[in-house]
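Thanks, everyone. Please take a moment with the structure on the screen before I start.

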Amino acid sequence: MSSTLGEKIKLSIFGESHGAAIGCVIDGLPAGVVLDFDKIQKEMDKRAPGRDKTSTARKEPDKPQILSGVLNGKTTGAPLAMIIENTNTRSGDYDSVRFVPRPGHSDYPAYVKYGGANDIRGGGHFSGRLTAPLVFAGAIAKQILAEKGVTVGAHILQIGAVRDTAFDKNNIDAEKLNELSSDFFATISNEKEIEMRTAIESARLQGDSVGGVIECAAVGLPVGIGSNMFSTVEGRLSYALFGIPAVKGVQFGAGFDFAQMRGSEANDPYEIKNGAVHLKSNNNGGVLGGITDGAPLVFSVVVKPTASIASAQDSINLKTMENEKLVVNGRHDPCIVPRAVAVVEAVCAFTLLDMMM
């Protein structure tokens, strides 16, 4: 398994959903960075389970324990190691899926690839629980980026058929991103939050789940981050974003809407404004030729519905090699999108910081 991310700053994530602990090692952080652990915990709380009716009933405090790399609240320059204890596991809930793979989950291909040796409890190392250390690393990256004048924030653009107001791609300010980043259920429209919560509750009551779209932005980036070919901003971000369980699509700027545009509509014209170069629109999401162009970086990711649902589904028994009905036990999110917002922000912040080092 490969659980390492980054080039200049390397993040290695370890642990399983129902193991003793999960955690990470971050290698390459500059020395002397003052860390605000209250801010880090707020980021962790946004992703933590059991904090809202839209999430799993499994409650975990998600309190990071620093093992090395920090002294008197400052990074030392040595590898920063952190663990988060798992305190609320019910591994018996997964006995039924040891040989009966959950549709839409990694169970079957992982069983084949690892010869049945993989930890199935809570999804093991495939679990969304492993995004907690990712949020921790992203929270540190956010603080370093803030010193460079860069702000990252995201909101829930869509859940099911309910769609929030999209970002005005060429007019996004740091204040709005910080406001969204401080909310657990981050939407631009309060009315749409109510409708989204209703859609999630409807799926939950039917023993089902629902997916959605998260829109993320970064402002304050200088022109020139990234490169062409295989070091593009889009490529580096997409590589990291697809490491988030259940992410199935990434688009930048207008994305797939480019297919119905003409060049005259899709291009972002330039102008001189207050003595500086500006773009009059931002269909390309702040990236041209794989390089940041000075406009806000804007992208969106689609998150599929949670694979573990209470409704009976068709599956197979890998021992008997016969067809079998499966009802998944355990505690699962009817929608993982609200908690995934913090993860998308974290991936964006960590990747951008790595590219700026």
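I'll go through a helix pair, its salt bridges and a surface patch. Keep in mind that this is a predicted model.

Start with the helices. Helix α1 covers residues 37-47, and helix α8 covers residues 337-356. They pack at an angle of about 135°, with their axes 7 Å apart. That makes α1 oblique to α8. On the α1 side, the contact is made by Glu 43, Lys 46 and Arg 47. On the α8 side, the residues are Arg 339, Ala 342, Val 343 and Glu 345.

Now Lys 46. Is Lys 46 buried or exposed? Lys 46 counts as buried, because its relative accessibility is 8% and the cut-off for buried is under 20%. Lys 46 forms a salt bridge with Glu 43, with the closest N and O atoms 3.4 Å apart. Both lie in α1, 3 residues apart, about one turn of the helix. Glu 43 is buried too, at 13% relative accessible area.

Lys 46 also meets Glu 345 in a salt bridge, 3.1 Å from N to O. Glu 345 sits in α8, so this pair ties together parts that are 299 residues apart in sequence. Glu 345 is buried, like Lys 46.

Next, helix α5, residues 190-205. Here Arg 204 forms a salt bridge with Glu 201, at 2.6 Å. Arg 204 is partly exposed, at 36% relative accessibility.

Back to the shared partners: Glu 43, Lys 46, Lys 142 and Glu 345 are joined into one network of salt bridges. The total count is 15 salt bridges.

Last, the surface. Tyr 270, Ile 272, Val 277 and Leu 288 make a nonpolar patch of about 440 Å². Leu 288 is in strand β14, and is partly exposed at 33%.

Technical notes. Residues numbered from 1 in each chain as written. Predicted model: local features only at pLDDT ≥ 70, side-chain atom pairs only at ≥ 80, totals over all residues. Heavy atoms only, no water. Patch = residues over 30% accessible without salt bridge, like charges linked within 9 Å, V, L, I, M, F, W, Y side chains within 5 Å. Areas by Shrake-Rupley, 256 points an atom, 1.4 Å probe, with all protein chains shown as cover. Salt bridge = Lys/Arg side-chain N within 4 Å of Asp/Glu carboxyl O. Helix = DSSP H or I, 4+ residues; strand = E, 2+ residues; numbered from the N terminus. Buried < 20%, exposed > 50% of the residue type's maximum accessible area, 1.4 Å probe, protein only. Axes fitted to C-alpha atoms, helices over the stretch in contact; angles between N-to-C directions. Parallel < 35°, antiparallel > 145°, perpendicular 65-115°, else oblique. Contact = heavy atoms within 4.5 Å.
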